[in-house]
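Let's take a walk through this fold together, one piece at a time. Keep the sequence and the 3D view side by side as you read.

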Amino acid sequence: MAKLHLITYGCQMNEYDSERVAGLLREQHYELTDDARAADLILLNTCAIREKAEDKVFSKLGELRSLKQRNPGLVVGVMGCMAPLHGAAIRARAPMVDLVFGSAAIARVGELVDRARRERTPIVETGEAPLVKITARPDTGPRLRAYVTVMEGCEKHCTFCVVPVTRGRERSHRPEAIVAEVRDLVAHGCREVTLLGQTVNAYGRDLTPPTDLAELLAEVSEVDDLRRIRFTTSNPYNLTPRLIAAFRDLPKVCKYFHLPLQSGSNTVLAEMNRGYTRERYLELIDDLRTAVPEVALSTDLIVGFPGETEDDFAATVAMVERVAYDNVFAFRYSPRPGTPAAARRDQVDAAVKARRNADLLAVTTRVAGARSARLAGRTLEVLVDGASRKDARMLSGRTDCNRVVNFEGDGVTAPGDCVPVRITEVLPHSLRGTLAVKPEEAVCFSR
Ligand code: SAM
């Protein structure tokens, strides 16, 4: 078997894509290796969402240069989101790269790698291609959790975001193909799936006949032995009463909702082209909390969008306090090539972005910490992963809201079991507990 070293940057969709690539290449007799020096083929699955992510890739390519010099037979490829954005530039900055391809070309990875090896001329494939549901997976043994991409692309055109360029237009996979993939995963031991899409709650609009995420969640819920379903990322603009009802009514759907706000200022939201106001966003939060009072909420926020004033930033901080998120992902605005916001002259100074980011982090830590503290003494359902990494005498698992719980088991629980655990201690990044008799109703705050 030839050896494949695969490095993945960025979001869950990239992790999913990397698995498909490893699965497809396995059929071409490549097995995964953790050791870059032992590899015949090195692929970097890249992220372009912020400049920092791209810098990491270029610095890794710099590191790989000496390997390539020592082993001219080595094939180095760059795939994923940087490919359509920087195809030619990647080769210009790193001439040792043999192959560049976008996520649309993943189904053809075997053929592309063969060509790169045979022809010994650089190959760049960054165009669109028909949507294919690839179910190949690497031989990594049974696992409890898996990602399932349900749609590709995004058509929101937020003025800061490069995803419409890197991932193309919105295209949904057919529900039958998704359900079949989930069934197969469950048959191989999976108990929890996360349905992925850049705007996952726009799922199905492009299909004939059209469908939606609410219907898909209902269909996936029917898969026997599947215990939990998550989905990400939702856009507030597409959050419908039907989805909120499905979220409330389907017991397998985890009561954790990630709803990116981006900014608390109506001026900035309009300039971002987000399609909602802070008032509309708060209505949606009210609807979610009315439907599921114990829902855990998380969000994405950007600080330092061009023209963001201190008042705009204060409005974002006020929203964090008002919504009382369980978790917040805060990002400094990063100008992205070809996006309208990058061309603006009123860019915010890097030091101001850094200060706002630090201020926001302090507030979110306090707000999320207060939510988290409420878990002490409660009994939560935990999906057991196995022995705890830190202490093999303890078991480890995750709550409905994806918090890690280390707990004392009684020896009868096994990976894949869902068991009630009484929370005895709330730590910054995990919970501790003991096996309990029965769970309370779904109550869980994520971190
Ligand atoms: N499609 C989702 C949406 O727009 O709601 C989010 C997908 S994106 C992979 C994850 C997060 O990265 C976004 O929600 C946003 O907060 C952040 N992000 C996107 N573009 C950015 C940029 N140019 N600079 C900083 N953060 C950015």
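Both F305 and Y333 are buried, where buried means under 20% relative accessible area, exposed means over 50% and partly exposed is anything in between (1.4 Å probe, protein chains only). Before going further, note that this is a predicted model, in which local features need pLDDT of at least 70, side-chain atom pairs count only at pLDDT 80 or more, and totals for chains, interfaces and linings use all residues. Residues are numbered from 1 along each chain as its sequence is written, and side-chain values use heavy atoms, with hydrogens and water left out.

Let's stay with the rings. A pair of aromatic rings is described by the distance of the centres and the angle of the planes. Here, rings of Phe, Tyr and Trp (its six-membered ring) pair if their centres lie within 6.5 Å; planes under 30 degrees apart count as stacked, over 60 as edge-to-face and the rest as tilted. Searching the whole structure turns up five aromatic pairs. One of them joins Y276 and Y281, a tilted pair at 6.1 Å centre to centre with 35° between the planes. Y276 and Y281 are both buried. F305 and Y333 have ring centres 5.6 Å apart and planes at 70°, so their pair is edge-to-face. F305 sits in the loop between β13 (296–303) and α11 (310–323), while Y333 sits in the loop between β14 (327–332) and α12 (350–373), so the pair ties together parts that are 28 residues apart in sequence. Those labels follow DSSP runs, numbered from the N terminus: helices are H or I with at least four residues, strands are E with at least two.

A charge sits over a ring if NZ of Lys or CZ of Arg is within 6 Å of the ring centre and within 35 degrees of the ring normal. R20 lies over the face of Y16, 3.8 Å from the ring centre, and R50 lies over the face of F331, also at 3.8 Å from the ring centre.

Now find helix α6 (residues 175–187). Its 13 residues reach 18 Å from first C-alpha to last, close to the 18 Å expected, the expected span being 1.5 Å times one less than the number of residues. Which residues of α6 are buried? They are P175, I178, V179, E181, V182, L185 and V186. These cover an arc of only 160° around the axis, which puts them on the same side of α6; the arc is that of the directions from the helix axis to the C-beta atoms. An α-helix has 3.6 residues a turn, so residues three or four places apart point the same way. The buried residues of α6 pack against α1 (12–27), β7 (145–149), β10 (192–196) and α7 (213–221). Just after α6, G189 takes a positive phi of about 105°.

Helix α8 (residues 241–249) is worth a look as well: its buried residues are L243, I244, A246 and F247. Down the axis of α8, they fall within an arc of 160°, so they line one face of the helix. Their cover includes α7, β11 (228–232), β12 (256–258) and α10 (278–291).

F247 also belongs to an aromatic cluster with F231 and F257. That leads us to the interior. A nonpolar core is a set of buried Ala, Val, Leu, Ile, Met, Phe, Trp, Tyr and Cys residues joined through side-chain atoms within 4.5 Å. The largest one has 58 residues, and V193, L195, V220, F231 and F257 touch the most other members. Its largest share, six residues, comes from α10. Beyond its neighbours within four places in sequence, F257 is in contact (heavy atoms within 4.5 Å) with residues including F231, L243, F247 and L288. A second, separate core of 27 residues includes I7, A39, I42 and A53.

Finally, some backbone details. The peptide bond from T208 to P209 is cis, with omega near -10°, and P209 lies in the loop between β10 and α7. Another cis peptide bond joins T232 and T233, with omega about 5°; T233 lies in the loop between β11 and α8. D225 has a positive phi near 70° although this residue is not glycine, and D225 counts as exposed at 55% relative accessibility.
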